[in-house]
Amino acid sequence: MEDTIPFLTTHDLEDVASVPCSYIPLPDDAGIPASRRKPLKGFLIIFSGILFLGLSIMLIGDQGSKTPVIIDGDGSLSILTFPETIKPVSRGVSEGVSEKSFRLFSGDGVSYPWNNSMLSWQRTAFHFQPEMNWMNDPNGPMFYMGWYHLFYQYNPVAAVWGNIVWGHAVSRDLIHWLHLPFAMVPDSWFDIGGVWTGSATLLHDGKIVMLYTGATNESVQVQNLAYPADPSDPLLIDWVKYSGNPVLVPPPGIDIKDFRDPTTGWNTPDGKWRITLGSKYNTTGISLVYETKDFISYELLEGLLHAVPGTGMWECVDFFPVSTTREDGLDTSVNGPGVKHVLKASLDDDKHDYYALGTYDQEMGIWTPDNPEQDVGIGMRYDYGKYYASKTFYDPSKERRVLWGWIGETDSETADVEKGWASVQSIPRMVVFDKKTGSNILQWPVEEVDTLRLSSKDFDKIEVRAGSIVPLDVGTATQLDITAEFEVDKEALEGIIEAEVGYNCSTSGGAAGRGALGPFGFLVFADESLSEQTPVYFYIAKGTDGNLNTFFCADDSRSSKANDVGKQVYGSTVPVLDGEKLSVRILVDHSIVESFAQGGRTCITSRVYPTEAIDGAARLFLFNNATGASVTTSLKIWQMSSAFIHPFPAEKKM
Ligand code: DQQ
């Protein structure tokens, strides 16, 4: 069944039953030793008490805070309501970190009248998110005694950035999570302004050290040390801050607000450890390296790990090896033949995560990019959509490197406050070197995501003619895992004569901009009349050198009838080697669409907020808006179950 486009054509869809969702609970005992279970409830009660007291003191003391929270006469907290028009408040910048509130690119400044069912639909089903309030960067991810640990930047009292503590959750499989008490709260002069981003290092004797940035009582960014109070506790519930904190203060020449986010340590051949952290010098983004034996005293190494002029402040630097010969991931300290190093920086200036591949010279202490034209901050990005402040860890249980990223909101702060939460974490992605291209990494959802797959439908060799759409009979299209391959009509490919210079996902008209060989792909979150739709697609353009360039894009411009949400068109080029078909995987989960092209060479994450294409009205289509080429596609689509993401069941464990 086909209809013509471009966009906004009504057509009939078969009435399809929606696929019911269910969650997969964790095993009953959740693997916790009996000795650990009893004290937890008491701990939670005492902890909540202390936390409440601490936060009250902090909030009263922090009169300058912009968090919209007031303490009522009876000591209870309430959230201030916002006026109807959008007046985005800056959050984070005056405190010395990157802007945390989403600034609209367009819109008429008037809030959309969101209702409860629209807002509650936006909550994701299998992406990690806390039960309520604000979350940002992933912190200190690790695997320890059979559990994956995720810590994260969290505001316990509001759906906007501020009052940052370390949230903590554990999982057996990176998909189903149990929320634990906060790991660390701002309770000392060296982090009273916020327990900011940090990383875990697992020492050879099995001990864990956590380094994190604290904003001091004088708003100086310092690095602090913390460690588990009871290393025999697989849940690592209690954390101790080192009494001699801070262990690092900004060195001469570095601004007190430009010194943050220590990485996981790596070992040197002489048994020392090195860490790096981000900063800037004038407008040059830099990563400083420190050497230590004990994580208490440090020596600043001469020179820098790397610097890139014009890239501004580097946040959340990540530095890790990838194997050029093997399939598995590498522990952070590995170096030598067959190893390249990835250097990633989150650019404060444009809020994107950039990476480059290069060589790490341990002796000289410097990293050199393979291709200086594709250096950190001016070349490749992990993700061309909404994705920031990411961090990897090495998972020894599956010998892989896993990447987490913070996916913020692109709606208004008013809507976030109304719905009571903001931000999700990306689906954890496995990261490997792309041996075929030799010039990029591959990111792919960890295999555990596949356990959420329910019923599936296969579609074989569907022809999507130029200028047509094809509805896909998959029922409700709200929680999906889509895999597809596309082949473009050979004659059209070979017959293309004219070069198309300067195609750009963001500026060439999005999915409505027609060329001979694209765009074609999917319309996700489309209602039956296509009045709302989010195209995820390929576009092929001939270069002046005669070669074909393939672009992978996501167009959010028609994703919602609401005006108070971001509606960018995202994307970039994707390498397609001789003989390869075009391939894509798309994870659809309510307000998030995570897309991976060519096995994860180019990735795009969109946040979308439809008003009509929600619940049972959300449909999925194929489209081909090319003027001259048919495409044939084979696909498999799964309905996805919801993940179990709940508070740790303290009572059940008594
Ligand atoms: N978020 C943290 C900082 C980091 C920034 C504060 C990146 O440590 O630089 O919440 O999003």
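A polar contact here is a pair of N or O atoms within 3.5 Å; within protein, one must be able to donate a hydrogen and the other to accept it, and residues adjacent in sequence count only if both atoms are side-chain atoms. The model is predicted, so local features need pLDDT of at least 70 and side-chain atom pairs count only at pLDDT 80 or more, while totals for chains, interfaces and linings use all residues. Residues are numbered from 1 along each chain as its sequence is written, and side-chain values use heavy atoms, with hydrogens and water left out.

**Stop 1**

Select the ligand and then Arg260, where a polar side-chain atom lies 2.9 Å from a ligand oxygen. For Glu315, the corresponding distance from a side-chain N or O atom to a ligand oxygen is 2.9 Å. How much of the ligand's accessible area does the protein cover? The protein covers 100% of the 310 Å² that the ligand has on its own (Shrake-Rupley method, 1.4 Å probe).

Now show the whole shell. There are 16 residues around the ligand, and Asp137, Gln153, Arg260, Asp261 and Glu315 come nearest (a residue is near if one of its heavy atoms lies within 4 Å). The shell divides into seven nonpolar, four polar and five charged residues; Ala, Val, Leu, Ile, Met, Phe, Trp, Tyr, Cys and Pro count as nonpolar, Asp, Glu, Lys and Arg as charged, and the others, Gly among them, as polar.

Colour strands E4 (133–144), E8 (195–202), E17 (314–323) and E21 (388–395), the elements that give two or more residues to this shell. Strands are DSSP runs of at least two residues, numbered from the N terminus.

**Stop 2**

Select Asn245, in the loop between strand E11 (239–241) and strand E12 (266–267). Asn245 is buried, with a relative accessible area of 5% (buried means under 20%, exposed over 50%, partly exposed in between, with a 1.4 Å probe and protein chains only). A polar atom of the Asn245 side chain lies 2.8 Å from the backbone nitrogen of Leu225. A cis peptide bond, with omega about 0 degrees, joins Asn245 and Pro246.

**Stop 2: another cis bond**

Move to Gly518 and Pro519, joined by a cis peptide bond with omega about 5 degrees. Pro519 lies in strand E30 (residues 517–526). Most peptide bonds are trans, and most residues other than glycine have a negative phi.

**Stop 4**

Phi of Phe525 is near 45 degrees, a positive value in a residue other than glycine. Is Phe525 buried or exposed? At 0% relative accessibility, Phe525 counts as buried.

Next, pick Asn282, in the loop between strand E13 (273–281) and strand E14 (284–292). Asn282 has a positive phi of about 50 degrees although it is not a glycine. Asn282 is exposed, with a relative accessible area of 63%.

**Stop 5**

Select Gln221 in strand E10 (residues 221–228). Gln221 is buried at 1% relative accessible area, and its C-alpha is 8.3 Å from that of Gly96, 125 residues apart in sequence.

Finish at Ser426, in the loop between strand E24 (424–425) and strand E25 (429–433). Ser426 counts as buried at 1% relative accessibility.

How values were computed
Helices (H or I, at least four residues) and strands (E, at least two) are DSSP runs, numbered from the N terminus.
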